[in-house]
Every structure is written in structure tokens, then in C-alpha cells.
Amino acid sequence: MKKSTLFLFLSLFAVGAWAQAALSRDAALERRRAELRSALQAARVREAPDKNQMKELTTENFSVSRQLSEQERADLRQQLRQQRRDATLNF
């Protein structure tokens, strides 16, 4: 009787330890996921340009006062056609 009680106690102890190890492993995985999620969100915030910066970039780089002439537009269209032809031939 003592041996069966001891065996039962040790079995329950082993199952409890195994369950606790599984819970701690799950908690560690969840903690790691949370850390990665917060690191990725912080990186996105750092890389995302501010709306005011975007507005400044677009207004600085593109001036409305300069218009292309008909000849310049025709030249650009011809260059684009040539680039497209070259790109299709390269494949």
C-alpha cells in the first residue's frame, strides 16, 4: 500500500511539473512575441515619414512653374518607348 501511494504521489508530482514547464514555455514564447511586436512597431514609427516632411518633400522637389514644351514631351515619350522596347527584348 505504501508503494502504491508513493507511486501515485510521484506520478502526480511529475505530471504537475510537466504541466508547469509547458506553461512557462508558452509564457516565454508569448513574451518573445510581444517583444518582437513592439520592436517592429517602433521600427515602423521611426521609418514612417512625418506628414509635414512628405508635404515639404513634394513641394520642394516639384515646382509647378516649369512646364515642358511640346518638343520636350515628344522626346520624353520617345525615350520611354525605347526603354520599354529594350526592357522587353532583355527578357
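Author: Let us begin with arginine 73, which forms a salt bridge with glutamate 70, the closest N and O atoms being 3.2 Å apart. This is a predicted model, in which local features need pLDDT of at least 70, side-chain atom pairs count only at pLDDT 80 or more, and totals for chains, interfaces and linings use all residues. Residues are numbered from 1 along each chain as its sequence is written, and side-chain values use heavy atoms, with hydrogens and water left out.

Reader: Why is the contact of arginine 73 with glutamate 70 called a salt bridge?

Author: The term asks for a side-chain nitrogen of Lys or Arg within 4 Å of a carboxyl oxygen of Asp or Glu. The closest N and O atoms of arginine 73 and glutamate 70 are 3.2 Å apart, so the pair qualifies. Both residues lie in helix H3 (residues 70-90), three residues apart, about one turn of the helix; a helix here is a DSSP run of H or I with at least four residues, numbered from the N terminus.

Reader: What makes glutamate 70 exposed, and what is arginine 73 called?

Author: Buried means under 20% relative accessible area, exposed over 50%, and partly exposed in between, with a 1.4 Å probe and protein chains only. Glutamate 70 has 55% and is therefore exposed, whereas arginine 73, at 36%, counts as partly exposed.

Reader: How many salt bridges does a search of the whole structure find?

Author: The search finds three, among them the pair of arginine 32 and glutamate 35, whose closest N and O atoms are 3.9 Å apart.

Technical notes. Helix = DSSP H or I, 4+ residues; strand = E, 2+ residues; numbered from the N terminus.
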